[in-house]
Amino acid sequence: MTSKSVKQGEFYELEVDSDLQQSSAYNDDLAPTKVKDRTWSKWHIAALWVGMSICVPTYTLGGVLTAYFGLSVMEALFTILVANIILLVPLTLNAYPGTKFGIPFPVLLRSSFGMVGSNIPCLIRALVACGWFGIQTMFGGLAIHLFLSAVSDGWASLGGVGEVIGFFIFWALNMYVVIRGAESIKWMETLSAPLLLIVAIGLMFWASDKVSFTELLATPANRPADAGFMGYFLGGLTAMVGFWATLSLNIPDFSRYAKSQKDQVIGQIVGLPITMFFFAALGVVLTAASTTLVGETISDPISLIGKIDSPFWVAIAMILIVIATLSTNTAANVVSPTNDFQNIAPKLINHTRGALLTGLIGILLMAWELLKKLGALESDVSVEGMYSNWLLGYSSLLGPIAGIMIVDYFLIKRQHLDLVALYTPDSLYPAFNNAGLITFAVPVLITLVALNVPTLGWFYNYGWFTGAFTGAILYFILGNMQTTPATQTDALQS
């Protein structure tokens, strides 16, 4: 048998022969999803986004925008809603090839960056995910520690040691879910989504008589009185787009399991913007209510609930927070790097090894925080501070990749890919696609210059947008110059 791609309805499926099985660019985990395994409906996709959106960082977004970006509460919530509507564009577009061809994110990148060159954007995306994995695992570990402290005075006496043990318990839960595969994640998200929505709605009603919504929405912006709105809004908008700029790249890792293009599009529209807006609004309301509840302003829901004088309700709340954080962490922060690390050496790194490598790097990135909790290290750096300060930074790296991916698939390749060639070195796709690599390097270099040249500061401050548009335009020019008629014909015939 000779390997070939076979069209089945709107999908393409790869028939694999022994030669392709031996290819250095192929393993079964990165192989295109079989049609029989495309089981995710629009409700599964929507549940995925509900499960990922309801998490501690989302809860704090309103506070980040009001404290760090000089927006009022009303402006902050408006910014979050607009950002997530904008995100639907790269999310649904980059999901298209994943659904049509069943390929994960790193394999799709081989088209625009080359068979080997794809590892550069893959590793950037993977390291950002590992950082988020470490942060979310800290939150999940704290919730486990507070749960065990609520049911055991002996555990409560462990203090920081208990938090570190909780970190590794939560770490192991993440590894278990991801290693079991896509169906395990689908089950996790489907189970958690309705439960988390009910809890979030209940919390909003619970806080409604403890804070004045009118006064809260009338809270003035934290910026100079004579400062204009637009500059602050665009900076906050860029940061909020950066929040899910990661998933706007690796959404093919999930859309490859969708039943149809309609399912992935509707599922994302239903699941993302409203959930993000609602849970961020809940964070604003509960943070404002925290003064009435516990006598101080607390923007972290885990710490807030931990101060409630009721072990029973603390224990119940912490179980729900563990579920919420687990559903976010497994899907948003482990799946992508697991696939990305496999792309480096598919014959050496399979799904399980990729997941464990992600977990190990996540531990290393959080080592300083774990040492602080054990009392072995003093530092003024906080997880919250790192989280609020790096949104702009990494969005400047991810924006160009998004622009390149969209232009490559829709305008250069015209929605046609050669499935066999994507897994075959030295064939249609080169080891390094110079157009993609140059296009990525240019906006990154401009960003580095902008950090040191005040007049170019806007290029960094609006990094996702400037990077995405610069990358898209440059790649359209260079990609068309590089693509020969013969290559175009080969791609269109696949």
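Begin by selecting L411, F469, I473, F476, I477 and M481, which form a nonpolar patch on the surface with about 650 Å² of accessible area together. Such a patch joins nonpolar side chains (Val, Leu, Ile, Met, Phe, Trp, Tyr) within 5 Å, taken from residues with over 30% relative accessible area and no salt bridge. Accessible areas come from the Shrake-Rupley method with a 1.4 Å probe, and for residues only the protein chains shown count as cover. This is a predicted model, in which local features need pLDDT of at least 70 and side-chain atom pairs count only at pLDDT 80 or more, while totals for chains, interfaces and linings use all residues. Residues are numbered from 1 along each chain as its sequence is written, and side-chain values use heavy atoms, with hydrogens and water left out.

Next, select helix α25 (residues 463–482), which gives the most to the nonpolar patch, with 5 residues. Helices here are DSSP runs (H or I, at least four residues), numbered from the N terminus. Within α25, turn to I473; this residue is exposed, with a relative accessible area of 54%. The classes are buried (under 20% relative accessible area), exposed (over 50%) and partly exposed (in between), with a 1.4 Å probe and protein chains only.

Proceed to the salt bridges, of which the structure holds 3. The term denotes a side-chain nitrogen of Lys or Arg within 4 Å of a carboxyl oxygen of Asp or Glu.

- Select K36 and D37: their closest N and O atoms are 3.4 Å apart. K36 is exposed at 65% relative accessible area, whereas D37 is partly exposed at 32%.
- Select E183 and K186, whose side chains meet at 3.3 Å, N to O. Both lie in helix α10 (residues 182–207), 3 residues apart, about one turn of the helix. E183 is partly exposed at 42%, while K186 is buried at 12%.
- Select D408 and K413, joined at 2.6 Å, N to O. Both residues are buried.

Finally, select helix α23 (residues 434–450), whose 17 residues should span 24 Å at 1.5 Å a residue; the end C-alpha atoms are 24 Å apart, which agrees. The expected span is 1.5 Å times one less than the number of residues. Which residue caps the N-terminal end of α23? It is N433, with a side-chain oxygen 3.1 Å from the backbone nitrogen of A435. A435 is also one of the buried residues of α23, which include L437, F440 and V444.

Definitions and conventions. Helix = DSSP H or I, 4+ residues; strand = E, 2+ residues; numbered from the N terminus. Polar contact = N/O pair within 3.5 Å; in protein donor to acceptor, adjacent residues only side chain to side chain. Patch = residues over 30% accessible without salt bridge, like charges linked within 9 Å, V, L, I, M, F, W, Y side chains within 5 Å.
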